Amino acid sequence: MLEREAAVGRHQTGHNSGVVHAGIYYAPGSLKARLAVEGARELVAYAEERGLPLRRCGKLIVAARPADLPRLDELERRAHANGVPGVRRLAAAEIREIEPHARGLAALHSPATAVVDFGAVAAALADDVRAAGGEIRTGTAVHALRREGGRVRVALEGGALTAGAAVACAGLWADRLAVAGGGRREPAIVPFRGAYRALRPERAHLVKALIYPVPDPDLPFLGVHLTRDVHDEVHVGPTALLAPARDAYRLARLVPRDLADTARWPGTWRVARRWWRTGLREAGWALRPGTLAREAARFVPDLRPADLVAGPAGVRAQAVARDGRLLDDFALDADGPVVHVRNAPSPAATASLALARVIADRLPAAA
Ligand SMILES: Cc1cc2nc3c(=O)[nH]c(=O)nc-3n(C[C@H](O)[C@H](O)[C@H](O)COP(=O)(O)OP(=O)(O)OC[C@H]3O[C@@H](n4cnc5c(N)ncnc54)[C@H](O)[C@@H]3O)c2cc1C
């Protein structure tokens, strides 16, 4: 396993909400729907077996305004169609039995949703690879994967190696690695920065577990949510702001090549034209934390801007088609002994063990 950074899990896997999604949101029949349900079960079993931090805390999806109610109906329908265990509709008065400080018109409760530390999961998986005789070579950037006869030539900084098969899983750089090996430009990765604020410890009692809004069905993001992680920190976020760098963990980070790639991709401008109002709102949440607090206070009314302090940030690898479509489902490009993972957004951390099997099945049997 070749990893450019000094350790595994330094990008999306180590900068996410830490939620093992139960599989509620995803369109029935999609890869996401199937692999989230299977993967969540397997991931929880894996974390338990390896003694990794895990809490089966359950989650609420709260309808805060009348327009959310038909969308909540649709989520309930999807949850049942996808076989998510234990999902139950709650009336307004039942919400506070689960989350005493949450308010809404109705909610879905998913008892199977859990939290883990995905950084710890990645480190444990890396240990498994080593224990099975594999090698994790960190600090090793891959420049391209090219087919050579029936094998793969892996071009590295100052050298190359050959392999019977290769899987490119480069997250925020997935499109670049695919194009470097002669693959298609589409879909392009457009980075969306997701910033969280943290709840002051003395106000953390406002959130027992996980409280989510009803998301906009046209967007692949879940909306600003409140999550208590395995270390008992409560986060509010993430925002979703187009970023001028693929590793924009700091707000001011700008990488000219990343910005140029995003600006040159026709899909970016179509996204901007369609979603400019959403973009302005997200920018407000990112730049003025008081507005983020007000957004979360729609379903936790006791939350005040002064309760929030600075929190971590992650960057989502959002695959965008040339026509501006935000790709929703997982996407793989298989070319003989090379598989490129072109879109592995949330819940790919949840689904990782199940998704890995699908990827392995795309490789030639002899590999
Ligand atoms: C803010 C945020 C919140 C999220 N919340 C959740 C959640 O609660 N639950 C959930 O299931 N999912 C969540 N996700 C999604 C989840 O984190 C990702 O789907 C998942 O981590 C993707 O894993 P990956 O291995 O594809 O990418 P990454 O974790 O980004 O890994 C890609 C790796 O490839 C390496 N790399 C890139 N290019 C090269 C190269 N040329 N040579 C060598 N190495 C290279 C990188 O260094 C990196 O280590 C969230 C994501 C974000 C950003």
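Mentor: Start with aspartate 232, which lies in the loop between strand E13 (225-228) and strand E14 (234-237). Strands (E, at least two residues) and helices (H or I, at least four) are DSSP runs, numbered from the N terminus. This is a predicted model: local features need pLDDT of at least 70, side-chain atom pairs count only at pLDDT 80 or more, and totals for chains, interfaces and linings use all residues. Residues are numbered from 1 along each chain as its sequence is written.

Trainee: What is the phi of aspartate 232?

Mentor: Aspartate 232 has a positive phi of about 70°, although it is not a glycine. Most residues other than glycine have a negative phi.

Trainee: Is aspartate 232 buried or exposed?

Mentor: Aspartate 232 counts as exposed, because it has 9 C-beta neighbours inside 10 Å. The cut-offs: 20 or more other C-beta atoms within 10 Å of a residue's own is buried, 12 or fewer is exposed, in between is partly exposed, with C-beta atoms placed from the backbone.

Trainee: Switching topic. Which peptide bonds are cis?

Mentor: Among them is the bond from glutamate 186 to proline 187, with omega near 0°. Proline 187 sits in the loop between helix H5 (174-180) and strand E11 (188-199). The bond from serine 346 to proline 347 is also cis, with omega near 10°.

Trainee: And where is proline 347?

Mentor: Proline 347 is in the loop between E18 and H9.

Trainee: Now the core. How many residues does the largest nonpolar core have?

Mentor: That core has 97 residues, and those with the most contacts inside it include Leu60, Val62 and Ile211. A nonpolar core is a set of buried Ala, Val, Leu, Ile, Met, Phe, Trp, Tyr and Cys residues joined through C-beta atoms within 7 Å.

Trainee: What about alanine 102, buried or exposed?

Mentor: Alanine 102 counts as buried, because it has 21 C-beta neighbours inside 10 Å. Alanine 102 lies in the loop between helix H3 (92-98) and strand E5 (106-110).

Trainee: Which residues does alanine 102 touch?

Mentor: Not counting residues up to four places away in sequence, alanine 102 touches Leu60, Val62, Ile95, Arg96, Ile211, Phe299 and Val300. Contact means C-beta atoms, placed from the backbone, within 7 Å.

Trainee: How far is alanine 102 from alanine 297?

Mentor: They are 195 residues apart in sequence and 8.9 Å apart in space, C-alpha to C-alpha.

Methods
Two residues are in contact if their C-beta atoms, placed from the backbone, lie within 7 Å.
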